[in-house]
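Let us walk through this model one level at a time.

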Amino acid sequence: MNGSPSLRNRLNTVVRDIPRSGIRDFFDIVTTMKDVISLGIGEPDFDTPWHVREATVFALERGATHYSSNLGYLELRKALAKYVSKNFGAEYNPESEVLVTVGVSEALDLALRALINPGDEVLYHEPCYVSYRATILFANGVPLAVETKAENGFRLTRAMLEAKCTPKTKVLMLNFPNNPTGAIMSRQDLEDIAAFARERDLIVITDEIYAELTYDAPHTSIVSLPGLRDRTIFLHGFSKAWAMTGFRLGYACGPAELIEAMMKIHQYTMLCASSLAQKAAIEALTRPDIDVGEMVSEYRRRRNYIASAFAEMGLECHRPLGAFYAFPSVAKFKLPAKEFAMRFLHEERVAVVPGTAFGDCGEGFVRCAYATSLDNIKEAMLRLRRFIGKL
Amino acid sequence: MDELLKLLQTNALESRENLGKLLNLPVAEVNQRIAEYEKRGVIRGYQAVLNEDQLNLDKVTAVIEVKVTPSREGGFNNIAERISRFPEVRSAYLMSGTYDLLLFVEGDNLRQVATFVSERLSPLDGVLSTSTHFMLKTYKRLGVLMHQDSTDERLSISP
C-alpha cells in the first residue's frame with residue numbers, strides 16, 4: 001500500500017500489522033484476466049431458491065423496510081430455535097438465546113469481542129477460514145493455531161489441542177465441515193474434544209455454516225454433546241446451504257448471558273440485521289429439506305467427479321466429506337503453493353486458491369471449490385492434467 | 001428416483017464414464033442399468049430440448065381440452081389411446097377437473113390444426129366437446145428456461 005507514512009503511523013497497531021488476506025492479492029490478479037475458469041469461489045453457484053427470492057420481493061412490496069428488534073424478528077428467532085433443535089439437538093429460548101447477525105462473520109466477531117480480555121488465548125485449527133486469526137487479533141486475543149494434517153484426513157484430536165492449551169486459554173473455535181479442507185469430525189473425536197472443553201473449562205465457538213453439506217455421513221454438532229450447550233456459542237447462517245451469501249444473514253445461539261453480551265455490541269455497532277434478509281430467511285426455513293437436499297446431491301456428484309479426476313492424474317487428495325472444497329496436495333511438484341496457483345492461472349487460465357491463504361500449514365496445497373458447474377469442473381480438470389504434465 | 005435417471009434427464013449426452021465418476025460407480029454398472037431401463041421401457045427415448053421460438057418455424061401448437069365419454073370396458077383408456085395415435089398429437093394426458101383429456105397438437109398452420117380438430121378429433125365416437133387454445137410463446141419447457149442469460153454474478157475469487 002502507498003500513501004503517507006505519517007497516516008500509516010497513526011493507525012491502530014493491531015490493524016496495521018495484520019496482512020491483508022492472501023485471497024485478495026490473488027483476486028486482484030484474476031479480475032484482470034479474461035476467460036478464467038474459477039475454482040476459487042467460496043460460495044454456491046446455485047441461485048437462491050426462487051420461493052425465497054419471491055418472498056423477499058413480496059416483503060419489500062409490503063414495506064418490511066424498517067428496523068427489526070436488535071435480536072432480530074421474533075418470528076425468525078422462533079423458526080431458528082426450532083430448526084436448530086431439530087437438526088443440531090440443542091434447545092434455545094428464542095426470546096433470549098438467539099441473535100440474528102449480518103452473516104456468521106459478524107457473529108464470530110461479536111462472540112470473540114464479548115469473551116476476550118486482552119491476552120486471553122483462543123485455540124483454533126488451521127488450515128481454516130481466512131478471517132479467524134485476524135478476528136481473534138482484532139478482539140485483542142492471542143491466536144493459538146493447531147495444525148491439522150492431510151495424512152490424518154485433517155482430523156482435529158484432543159491430543160493436538162492438549163499440546164497447545166495453556167491456563168490462559170479461554171476459547172476453542174471449531175469449524176466443521178471445514179473450509180478449506182472439506183474435513184468433518186468423527187463422533188469419537190468430537191466427544192473427546194467435548195470432554196477436553198469441559199475439563200479445561202473452555203468456551204466453545206462452533207462455526208457450522210457448512211453443516212447441511214455433508215456427503216457420506218450426517219453432521220454431528222458439538223453442541224448436542226452432554227454439558228456443551230451451556231458453554232458453547234453455536235454459529236450458523238443461510239449463505240451456503242441456501243445459497244444466500246449476498247443476503248448476509250447469520251445467527252448465534254447460546255446461553256442467555258453470552259447472547260446478551262454479544263447483543264450489546266451488535267446493538268451499538270449494527271443495530272439489527274437487514275429486515276428484508278430476515279424475511280427471506282423466514283421463507284427459507286419453511287421448506288429447508290427440499291431446497292437443500294437437491295443442492296447436496298449435486299455437490300456430492302461433483303465431489304465424486306473431482307475426487308476421481310485427481311486420483312486419475314495421481315494427485316493426492318484427502319476425500320472431502322463436507323462443504324464444497326477439495327484440498328489436494330501439490331507438494332510433489334516442488335513449487336510453493338502460491339507459485340503453483342499463479343502459474344496454473346497464467347498458463348491454463350484456471351483459478352485455484354493457494355493453501356497458504358488458510359494458514360502457513362496450507363503450504364503445499366491448493367483449494368479447489370466445486371461450487372461451479374460440472375462443465376467448468378470437467379474443463380478445469382482437463383487443463384490441470386495438462387498443466388501438471390508439464391511440471 | 002434413481003440418481004442415474006435424474007442425471008440422464010438433465011443431460012442424456014453425458015458420457016458413461018462421467019456418469020460413473022459422478023455416481024461413484026463402475027462404468028459397466030452404469031451401462032447395465034441404462035440397458036435395463038431401456039429394456040423395461042422406463043427410458044422411452046432421448047430428445048434434444050429446443051427453443052423452437054428461435055427457429056422461426058412455420059408451425060403452430062395448440063392445447064386442446066377434450067371432454068369424452070368413457071367406454072364401458074376400458075374406461076378412458078380406449079378413447080385416449082386412440083387419440084394418442086394421431087401423429088399430430090405430441091402429448092396427451094388424462095386430467096381431473098372440468099374436462100378429461102389434455103392434448104398438445106402440432107400443425108403447420110392454424111388451418112391444419114382446425115382441420116384436425118373438426119375432421120379427425122371431434123367426429124370420433126365418445127368425443128363430446130373440444131376447446132382449443134393456441135400457444136403464443138414458450139418461456140419454459142421440460143424444466144428448461146428458454147430465456148436465461150448465463151452470467152455469473154459472483155466474484156471470481158472469494159474466501
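How many residues of chain A are in contact with residues of chain B, and how many of chain B with chain A? This is a predicted model. In it, 21 residues of chain A touch 11 residues of chain B. On the chain A side, two elements give two or more residues each: α3 (22-30) and α12. The top contributor is α12(A), with 5 residues. By residue class, the side of chain A that touches chain B holds 11 nonpolar, 8 polar and 2 charged residues.

Now look inside chain A. Its assignment gives domain 1, made of 5-48 + 290-390, and domain 2, spanning 50-287. Taken over C-alpha atoms, the centres of the two domains of chain A lie 24 Å apart. Their contact draws 34 residues from domain 1 of chain A and 38 residues from domain 2 of chain A.

Which elements supply at least two residues each to the domain 1 side of that contact? They are α12 (288-312) and β9 (325-326) of chain A. Here α12(A) has the largest share, 7 residues. The side of domain 1 of chain A that touches domain 2 of chain A splits into 19 nonpolar, 9 polar and 6 charged residues.

Chain B comes next. Its domain assignment lists domain 1 (3-40) and domain 2 (52-139). The C-alpha centres of these two domains of chain B are separated by 34 Å.

Finally, zoom in on helix α4 of chain B, residues 77-84. Which of its residues are buried? Ile79(B), Ala80(B) and Ile83(B) are. The opposite face of α4(B), turned away from the buried side, carries the exposed residues Asn77(B) and Glu81(B). What covers the buried residues of α4(B)? The cover includes the strands β1 (60-68), β2 (89-94) and β3 (101-107), along with helix α5 (110-121), of chain B.

Note on methods. Residues numbered from 1 in each chain as written. Chains lettered and ligands numbered in written order. Predicted model: local features only at pLDDT ≥ 70, side-chain atom pairs only at ≥ 80, totals over all residues. Domains from an automatic or database assignment. Contact = placed C-beta atoms within 7 Å. Helix = DSSP H or I, 4+ residues; strand = E, 2+ residues; numbered from the N terminus. Nonpolar A, V, L, I, M, F, W, Y, C, P; charged D, E, K, R; others polar. Buried ≥ 20, exposed ≤ 12 C-beta atoms within 10 Å, placed from the backbone.
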